[in-house]
Amino acid sequence: MNGLPGGFYAAGSSYGKEDDMNYFFASDIHGSAYWCEKMLAAYRESGAERLILLGDILYHGPRNDLPKGYAPKEVIAMLNPLADEIVCVRGNCEAEVDQMVLAFPCMADYALLHLNGLDFFATHGHLFNTLEDGRNLPPLKNGDILIHGHTHLPVAERFTVSAAGENGTAGKAAADKGAKQIFWLNPGSVSIPKGGNKNSFGLLSGKHFSIRDFDGSTMKEIELIV
């Protein structure tokens, strides 16, 4: 992935685990201690191997109302003891001061993750995403998974990148010659859901990805198999 700033790679195989582990994805906590506590309770209950945070951890952002229980210092105190379990990417609300107070790296624009035999491009969503014209898609292979937050809207879909997609044309039309099947995931927002959705997180179990609310209900799900 030459030319993409700030990336790093974390491979499930490097942890010495099998391909049926659980991984917990969450985004857009925005400084809510109330919802961070609920998120961590769900994370512990899931038995997940890693907590993967997709940015916008501490600051609520000038476009958002304050979330319930807004207390960034309390969020810091809850997350830092789990530093060795967290993989995190930078959101549009992260700044250098956030890295000064967090005990885990949080300033990379993306992470390449190999989990359960699947390849994920994990990012916040303000730099790389699935705009209809495809200009902000990162380079992806057939069967790769783009997961991001930022929109506060849960998504679990597959879509087709046409052969011309290398030059920036993406869509959900039927595959043409040379087209690639890509998965698009968004766990929604932990603290400030939009579009009438509930507060949510994502869970990868084997090759099954589900988006769940904090009452335990499944909102969306998809099998990540081409």
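Among contacts in the protein chain between residues at least 6 apart in sequence, 67% join residues at least 24 apart. The model is a predicted one. Its protein chain has 226 residues, of which 55% are buried. The secondary structure consists of 3 helices and 13 strands.

An open sheet is formed by 6 strands, arranged in the order S4-S3-S2-S11-S12-S13 with mixed pairing. The edges of this sheet are strand S4 (86-88) and strand S13 (218-223); each has a single partner strand, so one side of each is left without a neighbour in the sheet. From one strand to the next, the twist averages 20 degrees. Within the sheet, S2 and strand S3 (residues 50-53) run parallel and are joined by 4 bridges. Helix H1 lies across S2, S3 and strand S11 (200-205), and runs at about 165 degrees to S2.

The loop between strand S2 (22-26) and helix H1 (33-46) contains Asp28. The phi angle of Asp28 is positive, at about 55 degrees, although the residue is not a glycine. Asp28 has a relative accessible area of 0%, and is therefore buried. A positive phi is also found at His150, likewise not a glycine, with a value of about 80 degrees. His150 belongs to the loop between strand S7 (145-148) and strand S8 (154-161). The relative accessible area of His150 is 23%, so this residue is partly exposed, the limit for a buried residue being under 20%.

Another histidine, His124, is placed in the loop between strand S6 (118-123) and S7. With a relative accessible area of 0%, His124 is buried. The side chain of His124 reaches the backbone oxygen of Leu54 at a distance of 2.6 Å.

Aromatic residues were examined next. A pair of aromatic rings is described by the distance of the centres and the angle of the planes. The structure holds 11 aromatic pairs. In one of them, the ring centres of Phe25 and Phe209 are 5.9 Å apart and the planes stand at 70 degrees, so the pair is edge-to-face, a class that requires planes over 60 degrees apart. This pair links distant parts of the chain, since Phe25 is in strand S2 and Phe209 is in strand S12 (residues 208-213), 184 residues apart. Phe25 counts as buried at 0% relative accessibility, and Phe209 is buried with a relative accessible area of 0%.

A stacked aromatic pair is formed by Tyr110 and Phe121, with 5.0 Å from centre to centre and 10 degrees between the planes. Tyr110 has a relative accessibility of 5% and so counts as buried. Phe121, with a relative accessible area of 2%, is buried as well. Apart from these pairs, one aromatic cluster is made up of Phe24, Tyr34, Trp35, Tyr43, Phe201 and Phe214.

Cys88 is in no disulfide, and the nearest cysteine sulfur, that of Cys106, is 5.4 Å away, whereas a disulfide requires sulfur atoms within 2.5 Å. Cys88 has a relative accessibility of 2% and therefore counts as buried. Cys36 counts as buried too, at 0% relative accessibility.

Terms used
Residues numbered from 1 in each chain as written. Heavy atoms only, no water. Helix = DSSP H or I, 4+ residues; strand = E, 2+ residues; numbered from the N terminus. Buried < 20%, exposed > 50% of the residue type's maximum accessible area, 1.4 Å probe, protein only. Pairing = 2+ DSSP bridges. Axes fitted to C-alpha atoms, helices over the stretch in contact; angles between N-to-C directions. Contact = heavy atoms within 4.5 Å. Polar contact = N/O pair within 3.5 Å; in protein donor to acceptor, adjacent residues only side chain to side chain. Phe/Tyr/Trp six-rings, centres within 6.5 Å; stacked < 30°, edge-to-face > 60°.
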